[in-house]
Amino acid sequence: MAVSLAMFLAITGCATRIDSVPPQLDLPVAFAEPSPSDRQLDLEWWRRFESGELVSLVDTALAASPTLTIAAERVVQAEITVRSAGATLFPALSLNGTTADRRNNPGTSNAAWSNTQSTGLTLGISYEVDLWGRLAATLQGTRANLAANRYDYETARLALTTGVANAYFQVIAARVRLQIARDNLAIAERVFNIVEIRQRNGAVSDLDVSRQRTTVLAQRAAIQPLEVQGRQAESALAILLGRAPQGFTVQSASFDGIAIPEVGAGLPSDLLVRRPDLASSEAQLAAGDANVAVARAALLPSLSLSGSTGLASAALLSLANPAYSMGLTGSLAQTLFDGGRLRNQVALTESQRRALVETYRNAVLGSLKEVVDALSNIDRNRNSEIAQLEIREEAARTVRLSELRYRQGADDITILLDAQRTLFSAQDSLVQLRLARLTSALDLFKALGGGWRNDLAVAGR
């Protein structure tokens, strides 16, 4: 046993460490689109929208979301896998105890019965010597998978928080659009009453009444889809929070008081340590390197050691006056022919590793595009909202003047109808542009990693 332990300590020092180096990428020096601010993004970015209700919703989601709980359990499973892989580097001990009372009938009438009693206790040890680092590579691969699962948890956390914020803004937008539709219906009904009065006085024809009635009916028809859209947005938000949709509601019905925070995009190279999905892809690449090492080591001979020591006594349930035994066995095994199975496994893991390299490269390029698109949308939506505000104000003024001129008989119903449609469209477009500005801010926060940073990667730079 002492010899076995000595061999264990001597040979395990030969296990090789696998250093995984991510591929070199030609990243741009800066983003083409300008950043709206130099302020850095922090982990609790949702507080910068200055909405207490949004903060409460995000806190609820982080505490009760089934999606995040599933991601956390995957981390736990990966931790257990690492412990299991680490256990293979140590000897396995087993203890076996036996006791027996055997009686033998020789089968003849004049022969005496024989009675044999025995008790034994055996301690066994077995160990696979990691000559070529196969077990160590397996352990390193499980550690890389654990890191990938931890990064995936951060990715799920970011997706959840941005999803909650987006769903919350969708609910508010639906409510604002619904209120605008109801206000526009009231305008259309008021004008309809004017047209009816003028028709009764013979100032206009039945055609004017019919055309304005069509406008009223169209506005009424627009209300129900917006009501359904609002309920569906609330239901989606409830699911993100881990709650049943029935009976769930939010309080806010306006974008008033909700700020649109601006942050700096930083440098493109910073994305490699700021996005958990890229960190996960890099960790999966490290696991792929470990899998290649495991497959290559499987081509080489394996050495196993086993030993046992025990006590045996010719008594029942007793080890009095025992006999001692001890044994040590070493076995060396090498596959001579397997039809190419092991070499095919090496080729497979090498191909999988090359695919992981391209997956990582594609993820980095995709992240650059997401940031550029978000920056572009932020700038465009901000300018569009400013222009749309002016359009809405002019459209409202046009409706007031058109209604006044129609009352006075200076214009026909066509001009007033066009003015109403322009106002209704301008008001609805303005709400959607405000929603687009909020959504583009969320897209940028998500593209930048939500304020997360890979401290290990930063420390290694």
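How many helices and strands are there in the protein chain? I counted 10 helices and 4 strands. I kept in mind that this is a predicted model.

**Entry: overall layout**

I read the elements along the sequence and got the pattern α-α-α-β-β-α-α-α-α-β-β-α-α-α. I then looked up the radius of gyration. It is 37 Å, well over the 23 Å that the globule rule gives for 461 residues, so the chain is more spread out than a compact globule. The C-alpha trace spans about 135 × 65 × 45 Å along its principal axes.

I checked burial next. Buried residues account for 38% of the 461 residues. The chain exposes about 24,900 Å², and carbon and sulfur atoms supply 54% of that area. I also looked at contacts between residues at least 6 apart in sequence: 83% of them join residues at least 24 apart.

**Entry: nonpolar cores**

Which residues touch the most other members of the largest nonpolar core? I found W45, F49, Y168, F169, L237 and V371, in a core of 53 residues. Helices that each supply at least two residues to this core include α2, α3 (66–87), α5 (206–240) and α9 (413–447). The largest share, 13 residues, comes from α4.

I went back to V371. Leaving aside neighbours within four places in sequence, V371 is in contact with F31, A265, L271, L444, A447 and L448.

**Entry: surface patch**

I looked for nonpolar side chains on the surface. L93, L95, L121, L123 and L319 form a patch there, with about 460 Å² of accessible area together. β1 (92–104) and β2 (114–129) are the elements that give two or more residues to the patch. L319 sits in the loop between β3 (302–313) and β4 (323–333). Its relative accessibility is 32%, so L319 counts as partly exposed.

**Entry: two loop residues**

I looked up E50 for its backbone angle. Its phi is near 60 degrees, a positive value in a residue other than glycine. E50 is in the loop between α1 (2–11) and α2 (52–64). Is E50 buried or exposed? It is exposed, with a relative accessible area of 59%.

L299 was next. It lies in the loop between α7 (276–297) and β3. At 24% relative accessibility, L299 is partly exposed. Leaving aside neighbours within four places in sequence, L299 contacts Q334, L342, R343 and V346. I also took the C-alpha distance from L299 to L336: 9.6 Å in space, for 37 residues in sequence.

**Entry: salt bridges**

The count came to 22 salt bridges. I looked at three of them.

- E358 and R361 meet at 3.3 Å, N to O. Both lie in helix α8, 3 residues apart, about one turn. E358 is partly exposed at 44%, and R361 is partly exposed at 27%.
- R382 and D379 meet at 3.0 Å, N to O. They are 3 residues apart in helix α8, so about one helical turn separates them. R382 is partly exposed at 21%, and D379 is partly exposed at 34%.
- E385 and R434 meet at 2.7 Å, N to O. This pair links distant parts of the chain, with E385 in α8 and R434 in α9, 49 residues apart. E385 has 5% relative accessibility, so it counts as buried, whereas R434 is partly exposed at 23%.

I also noted a network: salt bridges that share partners join R190, E403 and R407.

Technical notes. Residues numbered from 1 in each chain as written. Predicted model: local features only at pLDDT ≥ 70, side-chain atom pairs only at ≥ 80, totals over all residues. Heavy atoms only, no water. Patch = residues over 30% accessible without salt bridge, like charges linked within 9 Å, V, L, I, M, F, W, Y side chains within 5 Å. Areas by Shrake-Rupley, 256 points an atom, 1.4 Å probe, with all protein chains shown as cover. Salt bridge = Lys/Arg side-chain N within 4 Å of Asp/Glu carboxyl O. Buried < 20%, exposed > 50% of the residue type's maximum accessible area, 1.4 Å probe, protein only. Rg over C-alpha atoms; globule rule 2.2 N^0.38 Å. Contact = heavy atoms within 4.5 Å. Core = buried A, V, L, I, M, F, W, Y, C linked by side-chain atoms within 4.5 Å.
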